[in-house]
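Please look over the chain below before reading on.

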Amino acid sequence: DIIPQPLLDQYLSMTDPARAQTVDTEIAKHCAYSLPGVALTLGRQNWHCLKDTYETLASDVQWKVRRTLAFSIHELAVILGDQLTAADLVPIFNGFLKDLDEVRIGVLKHLYDFLKLLHADKRREYLYQLQEFVVTDNSRNWRFRYELAEQLILILELYNPNDVYDYLRHIALTLCSDKVSEVRWISFKLVVAILQKFYANSANALGLSFINELVVRFRHCSKWVGRQAFAFICQVG
């Protein structure tokens, strides 16, 4: 009743490999790009019409198709709601996390937007996986690590101080020693945001422990770049 059935059938057939050969090699990418709009039009009650098509696109051999879905999975999660997201999108999201950097960056750019839609227990499962974003296919891809630091600043609000100390603190310290200055700069802001998180939640012991770690690691560093990092962290703070 929402859209004509022949039109929907025509859209769903865009994932047919034969059409890619005879009509347009980019047809699957166009299908992936339009999917959130189609899902919004149909409504979450009709998601079953699109689920198989979405899963087919998510496993497409072309990374550009998977990349397109990775960039919009947070929008689809808003449309579908928490239950359908947990059941149908989380497995695909997990697959994108292990994909090529070209696909992972789509997930990374909207990591906060996706994680905030999950229930707290499901969200905690990703704490350890966040460390995997530090490693990239190409170490020269510094913008990936920059994006990670930016997202972590936002993600801090989603976790309690103990989780931040146990998991996110290590990532922040690693990024503070990055070879690229732009990554280090945004990481200094992340470090200060972590300290603010501790003291805003009365986790003074964690804050003091982190400060002592920064002093040992940077203030007393044998290399000038480490001592400079400490000065910049103080400046940001």
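A residue is called buried under 20% relative accessible area, exposed over 50%, and partly exposed in between, with a 1.4 Å probe and protein chains only as cover. By that cut-off, buried residues make up 46% of the 237 residues in the protein chain. The model is predicted: local features need pLDDT of at least 70, side-chain atom pairs count only at pLDDT 80 or more, and totals for chains, interfaces and linings use all residues. Residues are numbered from 1 along each chain as its sequence is written, and side-chain values use heavy atoms, with hydrogens and water left out.

**Overall make-up**

The protein chain has 13 helices and zero strands. These elements are DSSP runs numbered from the N terminus: helices are H or I with at least four residues, strands are E with at least two. Along the sequence, the pattern reads α-α-α-α-α-α-α-α-α-α-α-α-α. The C-alpha atoms fill a box of roughly 70 × 35 × 25 Å, taken along the principal axes.

**Salt bridges**

Side chains of opposite charge can pair when their charged atoms come close. Here a salt bridge is a side-chain nitrogen of Lys or Arg within 4 Å of a carboxyl oxygen of Asp or Glu. The structure holds 10 salt bridges. Among them are these:

| Glutamate 26 | Lysine 29 | 4.0 Å |

Take glutamate 26 and lysine 29. Glutamate 26 counts as partly exposed, because its relative accessibility is 27%. Lysine 29 is also partly exposed, at 30% relative accessible area.

Aspartate 88 counts as buried at 12% relative accessibility. Lysine 51 is partly exposed, with a relative accessible area of 29%.

Aspartate 178 sits in the loop between helix H10 (161-176) and helix H11 (181-200), while arginine 145 is in helix H9 (residues 142-155), so the pair ties together parts that are 33 residues apart in sequence. Both aspartate 178 and arginine 145 are buried.

**The cavity**

Rolling a probe the size of a water molecule over the atoms shows where empty space is left. A cavity is a set of points, on a 1 Å grid over the protein atoms alone, where a 1.4 Å probe fits but cannot get out; lining residues have an atom within 4 Å of a point. Points are joined across faces, edges and corners, and a volume is the space filled by probe spheres set on them.

The structure holds one cavity of 30 Å³ or more. The largest cavity has a volume of about 30 Å³. Its lining is Phe93, Leu97, Leu111, Tyr126, Gln129, Leu130 and Phe133. What kinds of residue make up that lining? They divide into six nonpolar, one polar and no charged. In this count Ala, Val, Leu, Ile, Met, Phe, Trp, Tyr, Cys and Pro are nonpolar, Asp, Glu, Lys and Arg are charged, and the others, Gly among them, are polar.

Phenylalanine 133 lies in the loop between helix H8 (120-124) and H9. It counts as buried, because its relative accessibility is 3%. Its C-alpha atom is separated by 8.2 Å from that of leucine 108, 25 residues apart along the chain.

**Other residues**

Most residues other than glycine have a negative phi, and most peptide bonds are trans. Serine 202 has a positive phi of about 60° although it is not a glycine. Serine 202 is placed in the loop between H11 and H12. It is exposed, at 62% relative accessible area.

Serine 187 lies in helix H11. It is buried, with a relative accessible area of 0%.

Valine 225 lies in helix H13 (residues 224-236). It is partly exposed at 33% relative accessibility. The C-alpha atoms of valine 225 and serine 177 are separated by 8.8 Å, and the two are 48 residues apart along the chain.

How values were computed:
On a 1 Å grid over the protein atoms alone, a cavity is a set of points where a 1.4 Å probe fits but cannot get out, and a pocket is an open set with protein on both sides within 12 Å along at least five of seven lines; lining residues have an atom within 4 Å of a point.
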